[in-house]
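Open the structure in your viewer and keep the selection tool at hand. We will go stop by stop, and at each one I will say what to pick and what is there.

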Amino acid sequence: MRASLIGSHLNYFNMFFIVCMFIFPHLPEINGTSDSKHVNQTPFFIIRETGESVDREINCSHNIPNHDVILWYKQDEHKALKLLGYLNVKFVNLEEDVKGKISFGGDARKQSSLTISNLTLKDGAVYFCAARLAQC
């Protein structure tokens, strides 16, 4: 799944962000299969001003048996894909450089929600979630 935060001017003093969601299949299982119809991300878009937050409004859910990890990614304007962190059942593991900016919670066996605090221009990006099997 992916969501896009895109900045656009309405005037010199207001910067708005739009969050758009698209299908992104869950990560392949051991046998290499993937099935995007079981992973959903909502809403399709969100509009916010700089300084505001997206508070648990980007949601990822799945109904894939034995998948108990939800990963969150950000893709910037240069198309680079960056791991933000993951939720392993209820344990949150954030990448060091996003701590305090990004958070998420939920129960990865079914759903997770993403929060992005104090939006800036650098937060304009596409956001993805993916579900996978836990690895030992």
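**Stop one: a loop with an exposed side**

Start by selecting Phe 45, which sits in the loop between β3 (39–42) and β4 (47–49). Strands here are DSSP runs (E, at least two residues), as helices are (H or I, at least four), numbered from the N terminus. You are looking at a predicted model, in which local features need pLDDT of at least 70 and side-chain atom pairs count only at pLDDT 80 or more, while totals for chains, interfaces and linings use all residues. Residues are numbered from 1 along each chain as its sequence is written, and side-chain values use heavy atoms, with hydrogens and water left out.

Phe 45 has a relative accessibility of 44%, so it counts as partly exposed. On this scale, buried means under 20% relative accessible area, exposed means over 50%, and partly exposed lies in between (1.4 Å probe, protein chains only).

What joins Thr 42 and Pro 43? The link is a cis peptide bond, with omega about -5°.

**Stop two: the nonpolar cores**

Next, select Ile 58, Trp 72, Ile 102, Phe 104, Leu 114 and Ile 116, the residues with the most contacts inside the largest nonpolar core, which has 22 residues. A nonpolar core is a set of buried Ala, Val, Leu, Ile, Met, Phe, Trp, Tyr and Cys residues joined through side-chain atoms within 4.5 Å. Which strand gives the largest share? That is β11, with 4 residues.

A second, separate core of 6 residues includes Val 69, Leu 71, Phe 128 and Ala 130.

**Stop three: two positive phi angles**

Most residues other than glycine have a negative phi. Val 89, in the loop between β7 and β8 (91–94), has a positive phi of about 55°. Asn 118, in the loop between β10 and β11, has a positive phi of about 45°. Both are partly exposed, Val 89 at 23% and Asn 118 at 47%.

**Stop four: salt bridges**

Finish with the charged pairs: the structure holds 6 salt bridges. Each has a side-chain nitrogen of Lys or Arg within 4 Å of a carboxyl oxygen of Asp or Glu.

- Lys 82 and Asp 97 meet at 3.1 Å, N to O. This pair links distant parts of the chain, with Lys 82 in strand β7 and Asp 97 in the loop between β8 and β9, 15 residues apart. Lys 82 is partly exposed at 28%, whereas Asp 97 is exposed at 56%.
- Lys 99 and Glu 96 meet at 2.7 Å, N to O. Lys 99 is partly exposed at 46%, and Glu 96 is exposed at 62%.
- Asp 107 and Arg 109 meet at 2.7 Å, N to O. Asp 107 is buried at 18%, while Arg 109 is partly exposed at 42%.
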